[in-house]
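Colleague: I am new to reading protein models. Could you take me through some features, one at a time?

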Amino acid sequence: MHKIKLAVIGVGHVGIKHVRSYTQLNNVDLVSICDLDLTKANLVAEEFNIASVTHDYKKLLDKKIDAVSICVPTILHYKIAKDFLEAGINVLVEKPFTQNLIEAQKLVKLTHKKQLILQVGHVERFNSAFAAIKDSIVEPKFIECHRLNPFPNRSLDIGVVLDLMIHDIDIVLGLVKSKITKVEAVGTKVLTEKEDIANARITFANGCVCNLTASRISDEPMRKIRIFLKDTYISLDYVKQEAYFYKKVGANITKDLLPIEREEPLKKELESFLDCVTHKKTPLVSGQEGYRALSLALKIQNKIWR
């Protein structure tokens with residue numbers, strides 16, 4: 001079996017998770033890692049037995065690699081992704097896609113021109129619990145999302161909307177097949193100069209309403225979504241990978257725990273990326289989906305700061 005030659009760009013909190021997951025997969029050859037902090041990069045390379053380390057990603061552009069995972073700060077996503085795509089190399093770029101829509105649109109166009117794979121790292125699409133319920137969700141009436149984290153001391157170059165809420169934005173846009181008619185949002189900064197807590201209310205033309213709350217100043221982590229359909233209510237916990245179905249049966253309400261085979265979402269995401277590269281498939285979260293999620297996230301952010 002041909003192994004995909006791949007490099008990871010950035011080995012911070014997220015990048016090292018990519019490295020660990022890739023080393024657990026059979027159809028990939030992790031040939032190099034890149035990070036401005038060479039001391040950190042060398043430690044990661046030693047831990048995972050990776051031969052090549054560099055602080056300059058451009059040295060990898062002509063190294064005959066097939067793909068890269070880009071796990072650097074958002075402000076660098078566009079430039080690095082553009083350079084690799086122009087070199088004919090497939091790209092997985094972590095969320096948020098880019099820092100603005102112009103950059104995102106340029107990358108989408110470049111991907112089509114070069115006929116390459118561009119995947120955006122919205123990992124919750126690969127959560128086993130979400131995968132188990134998504135086909136059961138038809139015409140949702142109301143959706144409520146809570147994504148709360150303790151203060152991270154990372155990703156502080158962006159606010160909580162682009163850091164955390166964007167996961168739920170991506171999920172909601174995939175579930176509600178209708179045009180957005182109204183966006184309301186509030187938020188405030190607490191520990192940084194960006195918004196650290198935010199709430200958004202999205203109204204769709206078909207009548208569905210979504211309420212999203214995100215915070216990075218909470219005591220305990222929470223990642224839950226509640227979806228209300230006709231005669232059915234679904235409660236999903238992303239952390240526990242559990243989903244409960246509540247259904248109206250006559251005059252009673254039944255509660256059922258959906259059987260779910262729990263798997264590591266990031267590992268499934270990277271497996272899917274490698275499969276797309278191998279078989280030239282359209283990614284589950286392509287550049288176009290990344291663009292849509294970013295567009296709504298920026299609208300919410302603008303509402304907060306305006």
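Colleague: Where does proline 96 lie?

Modeller: Helices (H or I, at least four residues) and strands (E, at least two) are DSSP runs, numbered from the N terminus. Proline 96 sits in the loop between strand S5 (90–94) and helix H4 (101–114). The peptide bond from lysine 95 to proline 96 is cis, with omega near -10°. This is a predicted model: local features need pLDDT of at least 70, side-chain atom pairs count only at pLDDT 80 or more, and totals for chains, interfaces and linings use all residues. Residues are numbered from 1 along each chain as its sequence is written, and side-chain values use heavy atoms, leaving out hydrogens and water.

Colleague: Is glutamine 241 buried or exposed?

Modeller: Buried means under 20% relative accessible area, exposed over 50%, partly exposed in between (1.4 Å probe, protein chains only). Glutamine 241 has a relative accessible area of 9%, so it is buried. It lies in the loop between S12 and strand S13 (242–249).

Colleague: What about aspartate 231?

Modeller: Aspartate 231 is partly exposed, because its relative accessibility is 42%. Its phi is also positive, about 65°, although it is not a glycine. Look for it in the loop between strand S11 (222–229) and strand S12 (232–237).

Colleague: How many residues has the largest nonpolar core?

Modeller: A nonpolar core is a set of buried Ala, Val, Leu, Ile, Met, Phe, Trp, Tyr and Cys residues joined through side-chain atoms within 4.5 Å. The largest here has 71 residues. Ile9, Ile70, Phe84 and Ile300 have the most contacts inside it. Helix H6 (residues 160–175) gives the most to this core, eleven residues.
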